[in-house]
Amino acid sequence: MSPPSPSLFPHFPVFLPPLISNKANKTLGSCLRGCRGLSQLAELPDTHQLLRQTCRDYADRELNPIAARLDKEHSYPAKQIQELGAMGVMAIEVPEELGGAGMDYLAYSLAMEEISRGCASTGVVVSVNNSLYIGPILKFGSEEQKQQWITPFTTGEKVGCFALSEPGNGSDAGAASTTARQDGDEWVLNGTKAWITNSWDASATVVFATTDKKLKHKGISAFLVPMPHPGLSLGKKEDKLGIKASSTANIILEDCRVPLGNMLGPRGAGFKIAMQTLDSGRIGIAAQALGIAQASLDCAADYAHKRTAFGSPIGKLQAIQFKLADMAVAIESARLLTWKASLLRDAKKPFTKEAAMAKLAASEAATFCSHQAIQVLGGMGYVADMPAERHYRDARITEIYEGTSEIQRLVIAGQLLKEYQS
Amino acid sequence: MGSSTSLVPKSVTAAINAHGFGYFGCPHTFGQVGYRLKRTEQYIRVKPDNSSVVTDGVKHSMNPFCEIAVEEAVKLKEKKLIKEVVAVSCGPQQVQETIRTALAMGADRGIHVEVTGKDYETLGPLQVSKIMAALAKKEEAQLVILGKQAIDDDCNQTGQMTAALLDWPQGTFASELSLEGDKIKVVREIDGGLETIKINTPAVVTADLRLNTPRYATLPNIMKAKKKKIANVKPADLGVDITSRLEVLRVDEPPQRQAGMKVETVDDLVGKLKEAGMV
């Protein structure tokens, strides 16, 4: 894979309002008005600054020191997840009555970035629990389902997972072949799900299965399945390039029976639920990518101060300075996109396009920055003594999961073209 | 007080010493339980004119010992041994951030004693102690908890001076603190080991490293902190004169570490030490 070159970045339409049709202009205008002022992008509210600082302190003191060991040993950070749960980080958007922190998505993005900056694996565990597992239940679940399936998952003691992808389809989510048939007062699920993050550590999953293949994506519904459960088994843990401390495996369903009440949302709404859930999840992954990118920049900039060559610190060399500048711009642009997507979502405005832009920009920033960080560190970047090589490996997945960069481009183009239609 | 039942201090004031490096914050610990918070710098450089250290653009955060003091106060409240925790800090507008952190950790309300500009630059332990003493009397505090020292100036004076000004007993370098009836048992870390004392209330205690492990603020508490009140006062309102009795003549960085030298044998080593006049 050749790394994305810096010349790609000027092409991202960050804050240049294009010459657009009246309809698009109106949409843009109302988006900006609804977004609680762009000033929030320049200066965060006090509460959010405090939240960011708290998460940063936690990441610096508790995650950073153990991240290399977690990566090497592929070990799940159970203690840290519990501590984060106690802080409210495992259920940021969940209302306090259900046991969550009752904060907004901007807070979630900030927390995710800081946690991931300390340890990207811990970050993805937090993200999947918040956005992919709790997210759809919070939005589409009945009060009873929320009590049963959300509240125990706010403390960090239990985490959930999201089972959409299958061995036969990732991007092509509508082609789900996992089936659900009704048998009396139970649903019987059959099929295999692939690449499920948190699978080996989860206590429940949101599974997408079709009740009628002929209806294609309209036949898919969402189901809540506890783990462990008869008829549900796990495949081997994947041996991944990065984010090794989080478990990824297949979930195999063989006549897995759940009560009828375990359907999440209306019948046939599964695809819509998945897509809307992924829209929000994208913001979480964008924030994770930002954390990895920032950690790479931190590593490279620190090294540039200390390493001398040709008589001075290498930070004095223009070649290094240009790299650091490009990294900083990539990160800051992606960060502002991520905050904007969060603010739009918090204001209950459409945010699909912005979330896709954020995830695309941030994940490509993560791979770019981690690549350049290794380059700045030279030989030291290639060995485990420095974290640069781990950031490089952790960054790569952000361009793939929760919607590949190609899918993000399709989503963005789709939204854009709608705006231009008069 | 004066009750024969177990002491339940009305409130604890934690003085949060929040001031930058080389500057003195006002430690306020109020009690009910007041603790004083100090906001200190992370990385420092001396200014070119050797007058003080550079504070512009330098990250400040709560003094680590003050964090421990806040944590202890909040723990006492959680055990229902005290009723209210008041966080106090002296300094410019920025110390409000530090007070908010204390509120997010569980303090009930804050007091920001406004000291700015030149006054802030010359604010030292004596001035802060006077402010603390005045506030402690005003708030009818029963316990004042401070960090044992600030990591910027390492003065280790404010707690002791505050106690003296109030004529209250003091339990400094506390590694353990418990309320027993109307007395406080303090285990102090001293050069020879650990010393356990029992002091009457009202009292001043300063927190040492092993007193506790400060908590991370939880997200719900960060949101709640937004609604908690921070009162604004000026030293003059408390009748305190904060003119400094000290004049800083010069601030220098420590000398660059010189290279050592290697010797072959122990005799060589002793020889060299004798030459340098060290033995």
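Q: In this predicted model, is A:Tyr133 buried or exposed, and what is its relative accessible area?
A: Buried means under 20% relative accessible area. A:Tyr133 falls under that cut-off, so the residue counts as buried. Its relative accessible area is 0%.

Q: How many aromatic pairs does a search of the whole structure find, and of what kind is the pair of A:Tyr133 and A:Phe153?
A: The search covers all chains and finds 5 aromatic pairs. A:Tyr133 and A:Phe153 form an aromatic pair with centres 4.8 Å apart.

Q: How far apart in sequence are the parts that the pair of A:Tyr133 and A:Phe153 ties together?
A: A:Tyr133 lies in helix α6, residues 120-140 of chain A. A:Phe153 lies in the loop between α7 (143-149) and β1 (159-163). The pair therefore ties together parts whose separation in sequence is 20 residues.

Q: Is A:Phe153 buried or exposed?
A: A:Phe153 has 4% relative accessibility. The cut-off for buried is under 20%. A:Phe153 therefore counts as buried.

Q: Which residue's ring lies under the charged end of A:Arg345?
A: The charged end of A:Arg345 sits over a ring. The distance to the ring centre is 3.7 Å. The ring belongs to A:Tyr105.

Q: Which helix holds A:Thr277, and which residues does A:Thr277 touch?
A: A:Thr277 has a relative accessible area of 4%, so it counts as buried. The helix that holds A:Thr277 is α8, residues 270-306 of chain A. Leaving out residues up to four places away in sequence, A:Thr277 touches A:Ser131, A:Leu132, A:Pro136 and A:Phe162.

Q: Where does A:Met380 lie, and is it buried, exposed or partly exposed?
A: A:Met380 lies in the loop between α10 (352-377) and α11 (388-396) of chain A. Its relative accessibility is 32%. Buried means under 20% and exposed over 50%, so A:Met380 counts as partly exposed.

Q: Which residues does A:Met380 touch, not counting residues up to four places away in sequence?
A: Sequence neighbours up to four places away are set aside here. The residues that A:Met380 touches are then A:Tyr303, A:Asp385 and A:Met386.

Q: What share of chain A is buried?
A: The secondary structure of chain A comes to 12 helices and 10 strands. Chain A has 422 residues. Of these, the share that counts as buried is 55%.

Q: What are the helix and strand contents of residues 46-157 of chain A?
A: UniProt, in an unreviewed entry, lists these residues as "domain: Acyl-CoA dehydrogenase/oxidase N-terminal". The end C-alpha atoms of the span lie 30 Å apart. Its contents are 71% helix and 0% strand.

Q: How far apart are the end C-alpha atoms of residues 50-242 of chain B?
A: The UniProt annotation for this span, from an unreviewed entry, is "domain: Electron transfer flavoprotein alpha/beta-subunit N-terminal". The span is 32% helix and 30% strand.

Q: Which three residues supply 37% of the area that chain A buries against chain B?
A: In chain A, 18 residues are in contact with 14 residues of chain B. The two chains bury about 1400 Å² between them, with 70% of it on carbon and sulfur atoms. The three residues that supply 37% of chain A's buried area, more than any other three, are A:Thr47, A:Leu50 and A:Met87.

Methods
Residues are numbered from 1 along each chain as its sequence is written. Chains are lettered from A and ligands numbered from 1 in the order in which they are written. This is a predicted model: local features need pLDDT of at least 70, side-chain atom pairs count only at pLDDT 80 or more; totals for chains, interfaces and linings use all residues. Side-chain values use heavy atoms; hydrogens and water are left out. Helices (H or I, at least four residues) and strands (E, at least two) are DSSP runs, numbered from the N terminus. Buried means under 20% relative accessible area, exposed over 50%, partly exposed in between (1.4 Å probe, protein chains only). Contact means heavy atoms within 4.5 Å. Rings of Phe, Tyr and Trp (its six-membered ring) pair if their centres lie within 6.5 Å; planes under 30 degrees apart count as stacked, over 60 as edge-to-face and the rest as tilted. A charge sits over a ring if NZ of Lys or CZ of Arg is within 6 Å of the ring centre and within 35 degrees of the ring normal. UniProt positions are given in the numbering used here, feature names are shortened, and annotations may be inferred rather than shown by experiment. Buried area is the accessible area (1.4 Å probe) that two parts lose on being put together, summed over both.
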